[in-house]
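Reader: I would like to learn how to read a contact between two chains. Please take me through one case.

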Amino acid sequence: MSDLLTIEDLHLRYPARGLRHGPEILKGVSLSIAPGETLGLVGESGSGKTTLGRAVLGLASPTSGNITYKGENITHASKKRRRALAREMQVVFQDPYTSLNPALQISDILAEPLVAQGMKAAEARQRVGGLLDRVGLPANAAERYPREFSGGQRQRVAIARAVALQPRLIVCDEPVSALDLSTQAVVLDLLIDLQRSAGVSYLFITHDLSVVRHVSHRVAVMYRGELVETGPVADVTNTPSHDYTRKLLLAAPTADPDRQRERRQARRALQTAQ
Amino acid sequence: MISFILRRLGAGIILIFVVTTITFVLTYGANIPVARNILGPSATEAQVAALTSQLGLDRPLIEQYGSWISGLFQGDLGTSYFSSQPVAAAMGDRLPVTLSIVVLASILTLVISTVLGVASAVRGGALDAALQAITVIAYVFPGLVLGIVLVYVFAISLHWVPAIGFTPIEESVSGWFASSILPAVVLAIGGIAALAAQVRGSVIDELGRDYVRTLRSRDVSEGSILFKHVLRNAAGPAFTTFSLQFVSMFGAALFIERIFALPGYGTYAFTSTIAGDLPAMLGVTLFGVGLVVVVNLLVDLATGWLNPKARIS
Amino acid sequence: MTTVDPQLVAQPALPARRRSGAFRRLLRRPLGVSALAALLAIVALGLLEPVLSIHDPNFADLAFANAAPGTPDWPLGGDRFGRDIWARSLAAINVSVISGLIGAGTGLVLGTVFGLISGYIGRRVDGVLSWTFNLLMTFPALVLVIVLYPVTGGTYQSMMFIFGVFLAPGIFRLVRNLVVGVRSELYVDAARVSGLSDPRILSRHVLYIIRGPIIISAAFLASAAVGVQAGLAFLGLGSNQVPSFGSMTSDAFINIYSQPVQLVWPSLFLSLLIGSLVLLGNAYRDVLAAPQGASSSSSRRRRPGEKAAAVDARMDRDDTSTPTLSAPTLSTTSPATPAGGLLRVRELRVEYPQPDDTLRAVVDGVSFDVAQGEIVGLVGESGSGKTQTAFSILGLLPPQARISANELSIAGENVIDSHRTALRKLRGSVIAYIPQEPMANLDPSFTVGSQLVEGLTSRMSRKEATATILELLARVGIPDPMRTFKSYPHEISGGMAQRALIAGAVAGRPKLLIADEPTTALDVTVQAEILDLLRDLQSEYGMGVLLVTHNFGVVADLCDRVLVMRNGVVVESGAVREIFRNPQHEYTQKLISSILDEDTVRTDLPVTAKDEG
């Protein structure tokens, strides 16, 4: 099975300010995603995980390295090519409050990608009902505005927009981090269901290890602009090979007082050992 | 820090050069009959030509400009075509008048809008309503109308202050104040409304910030929170607004000085411009741009002092 | 940032309704309607000039010089040359309106076009354009308008055009900054990923946001242009054949001692024109700033977790099944209070007044205790009232909040009757607070040390306070206490800032510590360290802790007991192991089951894409 997306030795440095070099955000990242697969990308704030997602989407410009999609090098794809690639890759952002234009009705938001790809406006609007149904929202949501929805519902709208063009890859940037616990689980299940029915791949960016376990087939751990460990989700979370991964796993508190006590002691032991 | 100030002053000098050049070129292109204006309609063509060449106005643009610039480097702003008075001396006579009303207006603006803005943000209610009313009045009545109304009420009807003219502060402080207060009020009122509204808004914003709650949780007194923390954080944007107002007061002085018949910078700018008195116009422009450069520099320094994040290392 | 904004709380659930246009909402405001009516009336007077005027505005009959108002055929009287003031006023309206249109139009077109280009393209284009407009801003505009007076032939139209050029930088800055702001919005990124072209993004997403501010500015620019035109004419610039309120004022000003009434007419019309423009702009701004405004930027800035979402229950599939406000509170709320009960809360209610004068309770009869040396977790989802409960104990709720309780005792003292003053005395020394967002909770303008010291100076000298804080900064694990003490908040990391805030909280040796989501904003590795620190300090000082959190991992790590809140009510409370192993209330059961299981990992294999059809 050939990979859908491969990233090779990707570097990204912010533009220089004055005489100084900008900080290097990505320091040679390589990874690949197979069709229908979820790759979880875990890291702490500032690790570069979001920038990597933006580079894949063409929202950030890498300084060197390659991003290959279905065999085509899209690292510096033209604006025109990028617009066409909208049929192939889409995004769900973290914050459902800023990722939907507050001035547009839900139907406009959902029709937007369809119209941008040349569909007639009337036809696009007819498709909105089906999209809402796929993400479990009632049809009357179409005439409403984002502010009338809760966080979880807005995230469903964002997901509907992402799947409207039936893309092969969706970059999910912390899609459940801003949501309440009970909503989180429901939205994650929705994403998994969509994946099973449509065979879409996810680049799933998150800081939350339990979310990663839940949705990922494979996991890549990012630390200060580099991938420190990549592998099947069970291997990485059960038998981590890198110290940072171990530290990350032991730092995340578990919802069980007794197991958490053990984990805490293990973390302190690791700390003193270092 | 020093290098920052020097760099900004350097940029300012370039700016002064650019603006005066444009003024020079535009005035030259306007082809104002200066000699004819001076001599009047009865003078012969020969007399006009003689004066034109005496003033050096028959020389090419580059030459005229060159001699002005070289004079500038020697600290000489040239001599007025009309009054034969050195421009620098004329400006020296006029500026105290304008500065009197501008400084007085600035003090009024700063004090009243801070008090009003803070009070209406903290107390709300009647004070807030009063502030809204002042804002509306200040915006609705143009300065021209307001000036005339004040002259009519306080000078002509009540005889509290003189309607026109200016008393220098060295002669009589009370006379100076009486002759400056009305123009200053007219100059200040629009600024007070705008600045008070801004102070009110920023104080309300700052009072709602998380750090205020945390300071309260540590038993920091309300007075210290308001006057030390909130005001300091609200001061930055207010200061920027005030600096714009300060500069625009010199433009507004053009009208105000006419209403109150004050022999100031605005009157000088107007009469010399209408007559095509180029040296005087350049002097006025030079002062105007120089003022903007200095005020902007001071604002940047003050912003840096107020806001540690904007500080230049 | 976890308080529910009272304004938001005050919003009733919105029924599904189409957004009414800003213009229509403007018409519902008395001020907006009156300003618009006045403006239209004045413009109409000017347009009807040929019908309404009896004389040509420049026709002079010395017999009617200084004629009184009401003279037949000279309704407003005559000026000092015997010209008809009524006819001149009507003509001057047209001059003013055209001045406003030219001045504002020039400024708006130049500023908007270049502002859009500069903001959207950015980089070098932005650099050059910003530099140019900043330069333009420094020109003494009025002086240059006068300098150019001979060049322009002295017509007021050309003077207004030049003045309009000098108005452009303000609009340019406004538009550019708005566009730069919008450009970094996630929904513009999403539109780009959706394949929208730049022109479409500009027209759909960017123009919408800047439309309102531009309309408002247009009103203010027009009023400025009208005022300046009048001022220039007052100074005597422009043809004396063009009637203008400025020249009328100037003519009348000469007569101010003998005929002051002549000043009334130009002043009146000018004030009406400028006033209606300004008030219209203000009213429109108010309309856009109102909460139902479609571009409610303020609500977007709020932290998502605590949004009180306004949606009718039918659609609310994400939320809990059925609201059970009257559900019996399980596991007795008033357990035998330990003798050393540090905090005792009985039937606490927090209410906010609504626009319709009713009260809405966000905390609805909450009772619990915190004993000395005990860590109690207060858990719930957004909108459950957990943070409001914590703030009411600290006395830090906004003034609109109405708080009542049967009992609110801290260290044996019932403070409910005068809780605001009583709690102020207790804050810092008996109760202390650790906030959620460390950066937002430090004043950016003061050094970390100076603001921590401030809370102690009422109890000790500044020198002692400094020594105490330095000692504590070292105690909370800050490697170089002196450096952090002298640093400004933006110079330290979030983890360090939270440690500093913890040091500030425990500096007064409090008996009760209230921590509101103290680790939510931090990375997981930093969170672990902060949790360790809290545990150590708690046992060292023997404090009681009320820990507000949504994270069950944090609860499991620190807490002895747990209170579960929903919709302002404690639905269940008990020892931490009991709650995790044997939750009684269905809501607790649902929450616990929503926790993503750590032992199961995803095992199903990737499904390959079906062939696209």
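Reader: How many salt bridges are there between chain C and chain B?

Author: A salt bridge pairs a side-chain nitrogen of Lys or Arg with a carboxyl oxygen of Asp or Glu within 4 Å. This is a predicted model, and the count between chain C and chain B is 1 salt bridge.

Reader: Which side chains meet in the salt bridge?

Author: Glu454(C) and Lys228(B) do, at 3.6 Å from N to O. Polar contacts are counted separately: 10 residue pairs, both members at pLDDT 80 or more, link chain C and chain B in this way.

Reader: Which helix gives the most to the side of chain C that touches chain B?

Author: H12(C), with 9 residues. Elements supplying at least two residues each include helix H10 (198-235), helix H12 (261-289), strand S7 (431-434) and helix H16 (448-454) of chain C.

Reader: How do the residues on that side of chain C divide into nonpolar, polar and charged?

Author: There are 40 nonpolar, 16 polar and 5 charged residues on the side of chain C that touches chain B.

Reader: How many residues does the contact take from each chain, and what area is buried?

Author: Buried area is summed over both parts. The contact takes 61 residues from chain C and 53 residues from chain B. Together the two chains bury about 5,400 Å², with 71% of that area on carbon and sulfur atoms.

Reader: Which domains does the assignment give for chain B?

Author: Domain 1 covers 2-73 and domain 2 covers 96-263. The C-alpha centres of these two domains of chain B are 38 Å apart.

Methods. Residues numbered from 1 in each chain as written. Chains lettered and ligands numbered in written order. Predicted model: local features only at pLDDT ≥ 70, side-chain atom pairs only at ≥ 80, totals over all residues. Heavy atoms only, no water. Contact = heavy atoms within 4.5 Å. Buried area = accessible area lost by both parts, 1.4 Å probe. Polar contact = N/O pair within 3.5 Å; in protein donor to acceptor, adjacent residues only side chain to side chain. Helix = DSSP H or I, 4+ residues; strand = E, 2+ residues; numbered from the N terminus. Nonpolar A, V, L, I, M, F, W, Y, C, P; charged D, E, K, R; others polar. Domains from an automatic or database assignment.
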